[in-house]
Amino acid sequence: MTTSCRRFEGQVALITGGSRGIGAGVAKRLAAEGAAVAVAYNTGEAEAQAIVQSILDAGGQAVALQADLLDPKGARKLIAALREHHDRLDVLVPAAGHAEIKKLEDMDIDTWQNSFAIHLDAVLETCQAAYPMLQESRGRIVLLSTVGSAAAFPGFAAVGAAKAGLESLMQYMASEWIRKGVRVNAVSCGTVDTGILERWEIGPRVRAFVGEKTVGLGIGKPEDVAPIVAFLAAEESRYIVGHSVIADGGMTLGIDFEEWVHEAYGKDAKL
Amino acid sequence: MQLNGKVALVTGGTRGIGLEVSTRLADRGASLILVYKKDVENAEAAKATLEERGVDVQLVQADLRKPDGVEAVFEQVASGLNQIDILVLNAAFGTMGEVDRMGRYSWRASYDTNVLSPMLTAKGALPWLKKKGGVITAISTLGAHTAYPTYVAIGSSKAAMETLVRYMAFEWGEYGIRANSVAAGPVETRAIDWFRYPDAVRIFTAKKGLAGRMGLPADIAEVAVWLCTDESRWVWGQSIIAEGGILCGVDFAEWKGETNELDSQAPPTPLPSDDAGSTATEGGAA
């Protein structure tokens, strides 16, 4: 950990999807800065426990909480579970998500609805459930989005469209809740090495493209995105309200999306 | 995130947002090259205060709108601290006025300070920034993303500056140079008095901005300094809007209506004519 500041001393942070990927990176970062973190996971119990253990080993405070956020009562159960450990909540980072690659012509209703259920419905319910606690502590919510919401990435429609909805939801939450003391922003990420590329059939080609063909730094790591989430959760960003900060290492500066489509689907494919 | 051993050049760094940025960079251990336009006394006072933090401070007086002014800055850098790791493009100027009142002189003065000067300054700093992969942070305005009353010369020139900064990120990324902007909402600096009705800006911002108050130079400076540190390493070529939530669901038409209402009570004074000379001042963007 390269940081020497401890901006979250005495605070409590809840990270959904905290057992892996960006969520895990955020959990470790906030814990390193003094936050007592609650790592919410659905199926990755072993991974969540490993994150918690690594935080405890580093002298931090952490607890793992199981939650099925697709269950209509899941978010409320999660906050009830959090209350058993902490009587306050300062930072909420809903990072739970998954991304299935599917072109629109092959899109089925389940893939589409599942994406909106986890990236939008579950986030809304988690934020609503956490809102009373966040109000008491003048808390912050940092949502995670993707640059694929503003630009079209091959096969990314279900995630991109849901995240575009999320960024709008972010603005509505920010405008309705800021006067109640709760500040909401988002980080819009480029391609980050979370293990998800390995699960995609086109993953290796996306990796090659982003690494070699975009003008930026290439594929990011959770540790590159976590400090930006931490910044938006910290006091120094107090005047940033209802915005999405793009953190993509320059990936979308002058990107040639058509070439990416060709990388992913072959040179005869159309954008 | 400490900046010991680094040198930051801050244009307009001796007052307003620029001074708050300089102070925070110095607090983190960075030495400073502060470029100011004409107020020697104020610049010397800023230098003395900043030097108490144990960093080197080099003052450079220059008119950055003139190519020879920029050249003179970098000649002094070469014979002074001879290092630039961080470039903060903060100096700003603009004439307030509606589109139909705008003249060539006022228009050019804004664009020369807000676009031409950042371009020449960044180009001049490039040989130093290239050495270890530097960072460029420009101070912009929310008026570049939406329309404020009487703000076209500043708003549109800052929009051009933000695009210039994005091109710097695009073209100089290969040298490891990272460039971004901060777009500030109305901030309580001297520049607020450039508005015809400064109190209208204050009332609007406090009433309509979700944060419920005017921005303070420190609110913007902390974002700018963060953009200068490695903490923001994954943010490239972006403009970070820091405006206390004004954009979230509010209506600028009301502010415009208030300006029109006040105008109807007392007509605004004419803008300086094309040959009346400049009243340019350095300082942060409103």
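Axes here are lines fitted to C-alpha atoms, for helices over the stretch in contact, and angles run from 0 to 180 degrees between N-to-C directions. Helices (H or I, at least four residues) and strands (E, at least two) are DSSP runs, numbered from the N terminus. This is a predicted model, in which local features need pLDDT of at least 70 and side-chain atom pairs count only at pLDDT 80 or more, while totals for chains, interfaces and linings use all residues. Residues are numbered from 1 along each chain as its sequence is written, and chains are lettered from A and ligands numbered from 1 in the order in which they are written.

Chain A holds an open sheet of seven strands, in the order E3-E2-E1-E4-E5-E6-E7, with parallel pairing. Two strands pair if DSSP finds at least two bridges between them. At the edges are strand E3 (61-66) and strand E7 (244-247) of chain A, each of which pairs on one side only. On average, neighbouring strands of this sheet are turned by 20° against each other, direction ignored. Within the sheet, strand E1 (residues 12-16) and strand E4 (residues 91-94) of chain A run parallel and are joined by four bridges. Opposite Thr16(A) stands Pro94(A) in E4(A).

Helices lie across this sheet. Helix H3 (residues 74-85) of chain A lies across E1, strand E2 (36-41) and E3 of chain A, and runs at about 150° to E3(A). Helix H8 (residues 222-233) of chain A lies across E4, strand E5 (140-146), strand E6 (183-189) and E7 of chain A, at about 165° to E6(A).

H8(A) also meets helix H1 (residues 21-32) of chain A: the two axes come within 8 Å and cross at roughly 60°. H1(A) and H8(A) are therefore oblique to each other; angles under 35 degrees count as roughly parallel, over 145 as roughly antiparallel, 65 to 115 as roughly perpendicular and the rest as oblique. The crossing of H1(A) past H8(A) is right-handed, a term used if the near helix is turned clockwise from the far one by less than a right angle, with anticlockwise giving left-handed. Among the residues that meet are Gly21(A), Ile22(A) and Arg29(A) in H1(A) and Pro222(A), Glu223(A) and Val225(A) in H8(A). Two residues are in contact if their C-beta atoms, placed from the backbone, lie within 7 Å. By class, the contact of H1(A) with H8(A) has 10 nonpolar, two polar and two charged residues. Ala, Val, Leu, Ile, Met, Phe, Trp, Tyr, Cys and Pro count as nonpolar, Asp, Glu, Lys and Arg as charged, and the others, Gly among them, as polar.

H1(A) has a further partner in helix H2 (residues 45-57) of chain A, where the axes come within 10 Å and cross at roughly 20°. That makes H1(A) roughly parallel to H2(A). This crossing, too, is right-handed. Ala24(A), Ala27(A), Lys28(A) and Ala31(A) of H1(A) make the contact with Ile51(A), Ser54(A) and Ile55(A) of H2(A). Five of the residues in the contact of H1(A) with H2(A) are nonpolar, one is polar and one is charged.

One residue of the chain A sheet is Leu143(A), found in strand E5. Leu143(A) is buried, with 26 other C-beta atoms within 10 Å; buried means 20 or more such atoms, exposed 12 or fewer, and partly exposed in between, with C-beta atoms placed from the backbone. Not counting residues up to four places away in sequence, Leu143(A) touches Pro94(A), Val123(A), Leu166(A), Met170(A) and Ala186(A).

Chain B likewise has an open sheet of seven strands with parallel pairing, in the order E3-E2-E1-E4-E5-E6-E7. Strand E3 (57-61) and strand E7 (239-242) of chain B stand at the edges, each with a single partner strand, so one side of each has no neighbour in the sheet. The twist averages 15° from one strand to the next. Helix H5 (residues 152-172) of chain B lies across E5, strand E6 (178-184) and E7 of chain B, running at about 160° to E5(B).

In the loop between E5 and H5 of chain B is Thr150(B), whose phi is near 65°, a positive value in a residue other than glycine. Thr150(B) is buried, with 25 other C-beta atoms within 10 Å.

The two chains meet: 31 residues of chain B are in contact with 30 residues of chain A. H7(B) gives the most to the side of chain B that touches chain A, with five residues.
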